[in-house]
Amino acid sequence: MNSASYPLTGGCTCRNVRFEMLTVPLYVHCCHCKWCQRESGAAFALNAMIESDRVRLLEGEVEVVDTPSNSGRGQKIARCPRCHVALWSNYAGAGEAVRFVRVGTLDSPDALPPDIHIFTASKQRWVSLPADANVVSEYYKASEHWPAESLARRRALQK
Ligand SMILES: [Zn+2]
Ligand SMILES: [Zn+2]
């Protein structure tokens, strides 16, 4: 997937919260849905999905804010209690076991380019994707896109 060296460190803007991602994520989403556009204030969100126990707090604590989500089932966004920058989310679908780490909060965000672009039906028109990008107009089935190793990790979570 990539050659970054782990753990990857990251944190909020005021540096109250510092965390590390212990291993390569399961999969990285670039989401172009309108919800992600609103929540980021930008054109898309970049989320690295990883088992919650592979994200370790190094300094500070997070404040978890219940937030509506596209699915209607809500998400829990972990934010720095001081500067309120969002660090990761847990969605109802994947539950507490998987965190969606906001790639831009990593010290080296270039380490995790997207594996897939989702909800490109609502992509802002000026955003052009590389010709070889993995693109779906809405959502997708993990079994059709994820590498075997990530699928095995996901199966281990469901036990
Ligand atoms: Zn902060
Ligand atoms: Zn989205």
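1. A definition is needed before the metal sites can be read: a donor is an N, O or S atom within 2.8 Å of the metal, and because water is not among the atoms, a site may look incomplete. This caution applies to a predicted model, in which the donor residues of the zinc ion (ligand 2) follow the spacing C-x1-C-x2-C in sequence. The protein donors there are C31 (SG), C33 (SG) and C36 (SG), which lie 2.1 to 2.3 Å from the zinc ion (ligand 2). Of these residues, both C33 and C36 are buried, while C31 stands opposite A45 in β4.

2. The zinc ion (ligand 1) is coordinated at 2.3 to 2.4 Å by C12 (SG), C14 (SG), C80 (SG) and C83 (SG). The 4 donor atoms subtend angles of 104 to 115° around the zinc ion (ligand 1), and the arrangement is therefore tetrahedral. For reference, the ideal angle for four tetrahedral donors is 109.5 degrees. Along the chain, the donors of the zinc ion (ligand 1) are spaced C-x1-C-x65-C-x2-C. C12 belongs to the loop between β1 (8-11) and β2 (18-21) and C83 to the loop between β7 (75-79) and β8 (86-91), so this pair ties together parts that are 71 residues apart in sequence. With regard to accessibility, C12 counts as buried at 6% relative accessibility, whereas C83, at 28%, counts as partly exposed.

3. The strands β7 and β8, whose connecting loop holds C83, form a hairpin with 6 residues between them, and H84 in the turn has a positive phi of about 65°. The two strands run antiparallel and are joined by 5 bridges, with Q75 standing opposite Y91 in β8. β7 also pairs in the antiparallel sense with strand β6 (residues 63-67), again over 5 bridges, and I77 in β7 is the bridge partner of V65.

4. Strand β4 deserves a separate comment, since 6 of its 7 residues are buried and β4 is therefore largely enclosed by the rest of the structure. β4 pairs in the antiparallel sense with strand β3 (residues 27-31) over 5 bridges. Strand β9 (residues 98-102) likewise pairs with β4 in the antiparallel sense over 5 bridges, and here M49 stands opposite F100 in β9.

5. Which residues touch the most other members of the largest nonpolar core? Among the 18 residues of that core, they are F19, M21, V55, W88, V101, L106 and L112. The elements that give two or more residues to this core are β2, β4 (45-51) and β8. A second, separate core has 16 residues, including L26, C36, I116 and L151. Leaving aside residues up to four places away in sequence, W88 touches F19, V55, L57, V62, K76, I77, A78, R99, F100, V101 and R102.

6. In helix α3 (residues 148-157), the buried residues are S150, L151 and R153. Seen down the axis of α3, these residues fall within an arc of 160°, so they line one face of the helix. The cover over the buried residues of α3 includes β4 and α2 (142-145), while the face turned away from the buried side carries the exposed residues A148, E149 and R155.

7. The peptide bond joining Y6 and P7 is cis, with omega about 0°, and P7 lies in the segment before β1. R15, in the loop between β1 and β2, has a positive phi near 70° although R15 is not a glycine, and R15 is exposed, with a relative accessible area of 54%. F119, another residue that is not a glycine, has a positive phi of about 50° and is found in the loop between β10 (116-118) and α2.

Terms used: Residues are numbered from 1 along each chain as its sequence is written. Chains are lettered from A and ligands numbered from 1 in the order in which they are written. This is a predicted model: local features need pLDDT of at least 70, side-chain atom pairs count only at pLDDT 80 or more; totals for chains, interfaces and linings use all residues. Side-chain values use heavy atoms; hydrogens and water are left out. Donors are N, O and S atoms within 2.8 Å of the metal (3.2 Å for Na, K and Ca); water is not among the atoms, so sites may look incomplete. Four donors count as tetrahedral if all angles lie between 85 and 135 degrees; four count as square planar and six as octahedral if opposite donors are over 155 degrees apart and all others between 65 and 115; anything else is irregular. Helices (H or I, at least four residues) and strands (E, at least two) are DSSP runs, numbered from the N terminus. Buried means under 20% relative accessible area, exposed over 50%, partly exposed in between (1.4 Å probe, protein chains only). A nonpolar core is a set of buried Ala, Val, Leu, Ile, Met, Phe, Trp, Tyr and Cys residues joined through side-chain atoms within 4.5 Å. Contact means heavy atoms within 4.5 Å. The arc is that of the directions from the helix axis to the C-beta atoms. Two strands pair if DSSP finds at least two bridges between them.
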